[in-house]
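Work through the exercises below with the model open in a viewer. Try each task before reading its solution.

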Amino acid sequence: MHLFILKRLLIAPFLLAIFSVIAFVLIQAPPGDFLTSYIAELAQGGTSIGQEQIEALRQQYGLDRPTYVQYFVWVGNLLQGDLGTSFEWRRSNAELIGERLALTLTMTTISLIFTWAIAIPAGIISAVRQYSGIDYVITVLNYIGLATPNFLLALLIMWFAFDQFGVTVTGLFSPEYVAAPWSLARVADMMSRIWLPALVLAVAGTAEVARVVRANLLDELDRPYTEMARAKGLPEWRLVLKYPTRVAIAPVISTLGWYIPRLLSGGLVVSVVMSLPTIGPLLLRSLIGQDMYLAGTIILLYSVLTIVGTLLSDILLALLDPRIRTA
Amino acid sequence: MNEDRGDVVLSVRNLKTHFPTDDGVVKAVDGVTFDLHQGEVLGVVGESGCGKSITMKSVMQLVGKPGRIVDGQILFKRNRDGTNTEEVDIAKLRTNGKKIREIRGGDIALIPQEPMASFSPLHSIGSQIVEAVMLHQDVSKQEAKRIAIEKLNEVGMPSAEQRFDAYSWQLSGGLRQRAIIALALACNPSILIADEPTTAIDVTTQAQILELLKRLQREHGSSILFITHDLGVIAQLADHVVVMYLGRVMEQGAVSDVFTHPRHPYTRALLASIPSLHSEPRIELPTVAGGIPHPLQRPNGCPFHPRCPDAIPGTCDVAMPKLLDVEQSKVACFLHHDEAEEADA
Ligand SMILES: Nc1ncnc2c1ncn2[C@@H]1O[C@H](COP(=O)(O)OP(=O)(O)OP(=O)(O)O)[C@@H](O)[C@H]1O
Ligand SMILES: [Mg+2]
């Protein structure tokens, strides 16, 4: 078991190195750089700047150096814990990302808890009571959940809350806490609001996971080991939860790794619609503005989260299944 | 019938287990009658799909949806503590109710066909045996573990103590089968139901497992319902035999009698297709002339008549013969008597 975790930990740095190259190449891929888009924006506003000035800025930002040098400077700084500075915001990336990342992770985690807490029981009931009334209800809800774009759901909820209760549910903080320093009261305020976008984000995933659990469990319920457990005299619910369910949820747990980045990017539209100070809109803005070190750092952070998520799911799977543990 | 058989412990009478499907009702078991006596091995043979497994599942109330016991009785003499006996009609019990759960594993245990797939791969075999022990006996966890190891030893599991913590996929086919038998024996059941327990393992191991079952049956005096395709195995192991075809019993009697004097044309056809019973004990059930009809297209009258060389036109295709005593055995065939079942409403 320890060896198993150690092996995976040892691979992580190599994966990160590869991801950093890919992230950098992707960001460099669009024609031009931060300055070209900066100048274009200035021109739109009616301002223009001289050629020398541009060259000076380009030198200042290091954009005149060869691409690979830029890459190594970036990675070198990252290794020393320096996430760089945003061209556009003229602030350190660490500062820009920090709080947003924390809020995003909180929201994602809550959303994941919602997803599993609703989807796994729903999938189990649906399978055990196949073709019953409750199975049909859950199946219909699943289709609705899958078919409803989450930003639409967000809009509907916002409209409903405002229309019925006169409450604005956008943002993650009440107006008096938006700019306030962190305190217990601010955390409580955030928690009282964050569950709503988390729930909105959870809907599609819940529908999907419930369907996966239902299908897997239906397979497992026919297996001889389930029948053998029944032939032993175990009560039905106890045996269903102890034996086939444990096998049926393994594929759900194995998706933990990519669930995190998917929620991060999937939450983008919802974040924009509900004006949530999460990381998605920041990444979008940095990509549009070719704010390359900010964008690169965020993408690399996504990779780190994916690796951590995959490691977590590997550990959970190993705890669940001795065949993985001993492999 | 033989007078020296023990008391009847399980009496299946006119059992009907049907599956309503979109295309019609599959009458998987349609009027099966047999008695299992104390301390005997009752073999059940018949071609694939004739309802052997569904009969056994019915006995444990394990028939999966949409199947249902629609008629008949399964009278079981329940005798846990050796003193007072109660008679339970299992056919009337609620599926997964408390009573049947006490009987399952406790009084009637299953030795399934696929030992590999019958243990959960995620739990050690020891924990799965302990679970069964603790379900039916009021013992501590340590005591249950002691019993489990004792049972593993009893079925000849080498280094049982270490194997207690093993997973099923770490064992060879033969050891897995032994572990499953230990699980079945965990609560000293009075009846063992073995559904083709040796089809998945090689010949040598198969012989060892049969030897083991024979020994256990002698030592515990338990009764075994043994399902197989293999007439050789029946000859080797069973005292009595039930020959099934399309959900009905065709013939039934002592193995020594039925195998030497088969009376039903179906039994004769089965036996004729084995070159030599004693020199070649592992011939699978042969192809009797013609195919088995589709379960939804059961012939009228005797279900075997379309394939029967001796069918009497106007009789066998009209009515179903009753299962009646003919000399020492019971036969359902108009060649031997002329009593028919009353037609179903
Ligand atoms: N779930 C089901 N739905 C419909 N019909 C079924 C179902 N399960 C079993 N049957 C039918 O019941 C009949 C008897 O099946 P059973 O498994 O008892 O046969 P068997 O004698 O054990 O055969 P085998 O030797 O192949 O194990 C088959 O014709 C099958 O089509
Ligand atoms: Mg079968």
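This is a predicted model: local features need pLDDT of at least 70, side-chain atom pairs count only at pLDDT 80 or more; totals for chains, interfaces and linings use all residues.

**Exercise 1. Classify the crossing of helices H6(A) and H8(A): at roughly what angle do the axes cross, and which hand does the crossing have?**

Step 1. Locate the helices. H6 spans residues 133–147 of chain A, and H8 spans residues 184–221 of chain A.

Step 2. Take the axes. They come within 8 Å and cross at roughly 135 degrees.

Step 3. Assign the class. Antiparallel would need an angle over 145 degrees, and perpendicular covers 65 to 115. H6(A) and H8(A) are therefore oblique to each other.

Step 4. Assign the hand. The crossing of H6(A) and H8(A) is left-handed.

**Exercise 2. List the residues through which H6(A) and H8(A) meet, then sort them by class.**

Step 1. Start with H6(A). Its contact residues are Asp135(A), Asn142(A), Tyr143(A), Gly145(A) and Leu146(A).

Step 2. Go to H8(A). It contributes Val203(A), Ala204(A), Ala207(A), Glu208(A), Ala210(A), Arg211(A) and Arg214(A).

Step 3. Count by class. The contact of H6(A) with H8(A) has 6 nonpolar, 2 polar and 4 charged residues.

**Exercise 3. Characterise the salt bridge between Asp321(A) and Arg323(A): is each partner buried or exposed, or in between?**

Step 1. Check the distance. The side chains of Asp321(A) and Arg323(A) meet at 3.1 Å, N to O. The cut-off is 4 Å.

Step 2. Check the accessibility. Buried means under 20% relative accessible area. Asp321(A) has 13%, so Asp321(A) is buried. Arg323(A) has 36% and is partly exposed.

**Exercise 4. Which parts of chain B does the salt bridge of Asp310(B) and Arg268(B) tie together?**

Step 1. Check the distance. The side chains of Asp310(B) and Arg268(B) meet at 3.7 Å, N to O.

Step 2. Asp310(B) lies in the loop between helix H11 (265–272) and strand S11 (324–326) of chain B, and Arg268(B) lies in helix H11 of chain B, so the pair ties together parts that are 42 residues apart in sequence.

Definitions and conventions:
Residues are numbered from 1 along each chain as its sequence is written. Chains are lettered from A and ligands numbered from 1 in the order in which they are written. Side-chain values use heavy atoms; hydrogens and water are left out. Axes are lines fitted to C-alpha atoms, for helices over the stretch in contact, and angles run from 0 to 180 degrees between N-to-C directions. Helices (H or I, at least four residues) and strands (E, at least two) are DSSP runs, numbered from the N terminus. Angles under 35 degrees count as roughly parallel, over 145 as roughly antiparallel, 65 to 115 as roughly perpendicular and the rest as oblique. A crossing is left-handed if the near helix is turned anticlockwise from the far one by less than a right angle, and right-handed if clockwise. Contact means heavy atoms within 4.5 Å. Ala, Val, Leu, Ile, Met, Phe, Trp, Tyr, Cys and Pro count as nonpolar, Asp, Glu, Lys and Arg as charged, and the others, Gly among them, as polar. Buried means under 20% relative accessible area, exposed over 50%, partly exposed in between (1.4 Å probe, protein chains only).
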